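Dear colleague,

I am handing over the structure we spoke about, and my notes on it follow directly below. Please read them with the model open beside you.

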Amino acid sequence: MSERVPDGGVPDDRVPVGVLVSGSGTNLQALIDAAAAPDYPARVAVVIANRRRAGGLERARAAGIPAVCIPHRHYEQRADFEAAMTEVLRQHGARWVAAAGFMRILSPAFLADWRGRVLNIHPALLPAFPGVDGQGQALAYGARITGATVHFVDEGTDTGPIIAQGAVPVLPGDDREALAARILAVEHQLYPLALRQAVEGRLTIEGRAVRVDAREGERNWIWGG
Ligand code: GRF
């Protein structure tokens, strides 16, 4: 794969990552912002949304990143939708895929194409409250502590090996929005860290756990938001 040479003429050896979004894209924004730091090892090479109205598309365009809408409804078969995504990801040289509020299940065939290089962020402390609306599930269940998890994607729903987690309290009077905002603040710290470790090859899956070759001072957990 050829190295991208940006306007300044200096070869860009940062690892290209494709980000999948369905919604507002605040996690995408956190990745874009992190990648603006000169020492960040990844760059967002392309953003794919399955919905035209996904705010993430606008965020990508504003940052000068290719933004592609692939509406899943245009495809009868999941395999064809995913093949279209893989084609666009490859066109842009993506070597990792980060799902960031992407509301479609990724099939085993897609995951096989990306050979363990797909990450996801979930708004709960997995394995608690997988699936849709992790924040609402935690509230309805009466949990006192919840949070966010970045994990490798496997064939299950939010079941893949855990890379990083952050915990926040569920406060009296919280509604879903208040809790979601508290969790998002943690998500925005966790995802850039986890992606950095992933692209630097510092994550090893051992059984269902992830061993992190952590740098000094690096913590794969956040306590209390
Ligand atoms: C986040 O809470 C994420 O954990 C979940 O969907 C939400 C996406 O938010 N998977 P945003 O689009 O990144 O703002």
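To begin with the ligand, one of its oxygen atoms is 2.5 Å from an N or O atom in the side chain of T26. Please bear in mind throughout that this is a predicted model. On its own the ligand has 370 Å² of accessible area, and the protein covers 85% of it. The residues around the ligand include G23, S24, G25, T26 and N27, and also G101, I121, H122, P123, Q135, L184 and E187.

The buried residues of α1 are N27, L28, A30, L31, I32, A34 and A35, and they pack against β1 (15-21), β2 (42-49), α2 (55-62), β4 (96-99), β5 and α6 (176-199).

As for the sheet, it is open and has 8 strands in the order β3-β2-β1-β4-β5-β6-β7-β10, with mixed pairing. Its edge strands, each pairing on one side only, are β3 (67-69) and β10 (221-223), and the twist from one strand to the next averages 20°. Within this sheet, strand β6 (residues 145-152) and strand β7 (residues 162-169) pair in the antiparallel sense over 7 bridges, and G147 has A167 in β7 as its bridge partner. Helix α1 lies across β1, β2, β4 and β5, and runs at about 155° to β2. Helix α2 also packs on the sheet, where it touches β1, β2 and β3, and its direction makes about 155° with that of β3.

Finally, I would draw your attention to N120, which has its place in strand β5 (residues 118-122). Is this residue, N120, buried or exposed? With a relative accessible area of 10%, N120 counts as buried, because the cut-off for that term is under 20%. The side chain of N120 is joined to that of D158 by a polar contact of 3.3 Å. Apart from neighbours within four places in sequence, N120 is in contact with A99, T149, V150, H151, V153, D158 and Y191.

Technical notes: Residues are numbered from 1 along each chain as its sequence is written. This is a predicted model: local features need pLDDT of at least 70, side-chain atom pairs count only at pLDDT 80 or more; totals for chains, interfaces and linings use all residues. Side-chain values use heavy atoms; hydrogens and water are left out. Helices (H or I, at least four residues) and strands (E, at least two) are DSSP runs, numbered from the N terminus. Buried means under 20% relative accessible area, exposed over 50%, partly exposed in between (1.4 Å probe, protein chains only). A polar contact is a pair of N or O atoms within 3.5 Å; within protein, one must be able to donate a hydrogen and the other to accept it, and residues adjacent in sequence count only if both atoms are side-chain atoms. Contact means heavy atoms within 4.5 Å. Two strands pair if DSSP finds at least two bridges between them. Axes are lines fitted to C-alpha atoms, for helices over the stretch in contact, and angles run from 0 to 180 degrees between N-to-C directions. A residue is near a molecule or strand if one of its heavy atoms lies within 4 Å of it. Accessible areas come from the Shrake-Rupley method with a 1.4 Å probe; for residues, only the protein chains shown count as cover.
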